[in-house]
Amino acid sequence: MISFASDYIAGAHPEIIKRLTETNLESLPGYGTDEYCDSAKEKIKKAVGVEGAEVEFLVGGTQTNAVIISTMLHDYEGVIAAKTGHISVHEAGAIEYSGHEVLELPQKDGKLQAKDIESYLEVFYADDSYEHMTQPGMVYISHPTEYGTLYSKAELTDISEVCKKYNIPLFLDGARLGYGLMSRSTDVTLHDIAKLCDVFYIGGTKVGALCGEAVVFTKGNKPKHFLTSIKRRGALLAKGRLLGIQFDTLFTDNLYFNISEHAIEMAEKLKEIIASHNIKFFIDSPTNQQFVILEDGQLEKLQKEVVYSFWEKYDETHTVIRLATSWSTTIEDLNAIDKALEACL
């Protein structure tokens, strides 16, 4: 069996395992106060191009989304997100569990549109009874989106301008950020994201790390006593060194970007294989997640050889599945799925 189920099916990139092993017996202070966390933060600040950026490490994506949203919002505020957004669909109500409502808006190819956000805010504040409603206090987007699509620099700028107009922060979920940055179709850089967003995170779990995400505040807007809030929400790792060493490694010699570029190269080859079998794409994704439509009988054959992710039903007899590449995807994997697709059609 070969797996294209997700981009975190393997443990961690060998360089990370190597560094964790090399530093294993070092006695270091806990909770992110060690030298490796400090070093990683400095490297990330340099990478994002904001000397005064504030960086913190959390254990995983869901925890990071919940901590950022719950600490930056007032208790009467909710967060605007696409109906297909990760916090709307795949986080088991973690945001609502924190006491905040997810305010869902329509999406186009997985993305929010600036005009829809502005229209929502205009209508909200035109309502004389808005004090009796959940107030929009943040805009959440992910880049790449749940459908592997990307915001252009113009789209990101437009959304940022709307947020500035209404004085609410723009939060970018970067769980798969590396794949967005290295896509052949993007015009958005890490510097652009740091400039246009109020807070974002650089995903490690899905981009070569065992676990961990690096949260970046770029406007001097890190909530007070943020570390305390992280711990209070159960997202602070006592052995913070594990996160620091991983991110220090990822941001040494461009490893983070090289890992991501490899996954994109593998995804482009995967797209060629899929197209060669005349399989229909559900959406045109320029990143490492590919969504295809197969007849249910074909899937029964495919699942004997390939592990994939169910995405949604397309119709009564067809299903959308996701195939994802990562740092660990090999040419041998692609050759194997090529044969498996040929056999199931």
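Predicted model: local features only at pLDDT ≥ 70, side-chain atom pairs only at ≥ 80, totals over all residues.
Residues are numbered from 1 along each chain as its sequence is written, and side-chain values use heavy atoms, with hydrogens and water left out.

The sheet, then. It is open, has 7 strands in the order S2-S8-S7-S6-S5-S3-S4, and its pairing is mixed. Strands here are DSSP E runs of at least two residues, and helices are H or I runs of at least four, numbered from the N terminus. Two strands pair if DSSP finds at least two bridges between them. At the edges are S2 (54-58) and S4 (102-105), each pairing on one side only. From one strand to the next, the twist averages 25 degrees; angles run from 0 to 180 degrees between N-to-C directions, with axes fitted to C-alpha atoms, for helices over the stretch in contact.

S3 (residues 77-82) pairs with S4 in the parallel sense, over 4 bridges. In that pair, Val 79 stands opposite Val 102 in S4. Helix H6 (residues 114-126) packs on the sheet and touches S3, S4 and S5 (135-142), its direction making about 170 degrees with that of S5.

Helix H2 (residues 35-48) lies across S2, S7 (199-203) and S8 (213-217), at about 125 degrees to S2.

Last, Val 292, in strand S10 (residues 289-295). Val 292 counts as buried because its relative accessibility is 2%, the cut-off being under 20% relative accessible area with a 1.4 Å probe, protein chains only. Beyond four places in sequence, its contacts (heavy atoms within 4.5 Å) include Ile 274, Phe 281 and Leu 323.

How values were computed:
Buried < 20%, exposed > 50% of the residue type's maximum accessible area, 1.4 Å probe, protein only.
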